[in-house]
Amino acid sequence: SRVSTLTDREREVAALIGAGLTNRQVGERIGITVRTAEGHRAAIIRKLGVREPQAIARFLKSLEKREG
């Protein structure tokens, strides 16, 4: 699965992005810089093969449905 390519930190960031947080909010929440949050977001988008951050939320929700 594409999710298995994400690091633990990227999964954490993906969950926050999926909840609608901005890069600044993600950084403040988990104690990283905005720049680092941006880098994680870019890696997540690349690894999951999505084009926009909103697709991360849809991807994570579909994954939850399969696991749940």
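## Helix packing around helix 3

Helix 2 and helix 3 pack with their axes 8 Å apart and at an angle of about 110°. Axes here are lines fitted to C-alpha atoms, for helices over the stretch in contact, and angles run from 0 to 180 degrees between N-to-C directions. Helix 2 is therefore roughly perpendicular to helix 3 (65 to 115 degrees; under 35 counts as roughly parallel, over 145 as roughly antiparallel, the rest as oblique). On the helix 2 side the contact (heavy atoms within 4.5 Å) is made by N23, R24, V26 and G27, and on the helix 3 side by V34, A37, E38 and R41. By class, this contact has three nonpolar, two polar and three charged residues. Ala, Val, Leu, Ile, Met, Phe, Trp, Tyr, Cys and Pro count as nonpolar, Asp, Glu, Lys and Arg as charged, and the others, Gly among them, as polar.

The model is predicted: local features need pLDDT of at least 70 and side-chain atom pairs pLDDT 80 or more, while totals for chains, interfaces and linings use all residues. Residues are numbered from 1 along each chain as its sequence is written, and side-chain values use heavy atoms, without hydrogens and water.

Helix 1 also packs on helix 3: their axes come within 9 Å and cross at roughly 90°. These two helices are therefore roughly perpendicular to each other as well. R9, E10, V13, A14 and I17 in helix 1 meet H40, R41, A43, I44 and K47 in helix 3. This contact has five nonpolar, one polar and four charged residues.

| Helix pair | Axis distance | Angle |
|---|---|---|
| Helix 2 and helix 3 | 8 Å | about 110° |
| Helix 1 and helix 3 | within 9 Å | roughly 90° |

After helix 3 comes G49, with a positive phi near 75°.

The protein chain has four helices and zero strands, taken as DSSP runs numbered from the N terminus (helices H or I, at least four residues; strands E, at least two). Its C-alpha trace spans about 30 × 20 × 20 Å along the principal axes. Of the 68 residues in the protein chain, 40% are buried. Among contacts with a separation of 6 or more, 48% join residues 24 or more positions apart.

Note on methods:
Buried means under 20% relative accessible area, exposed over 50%, partly exposed in between (1.4 Å probe, protein chains only).
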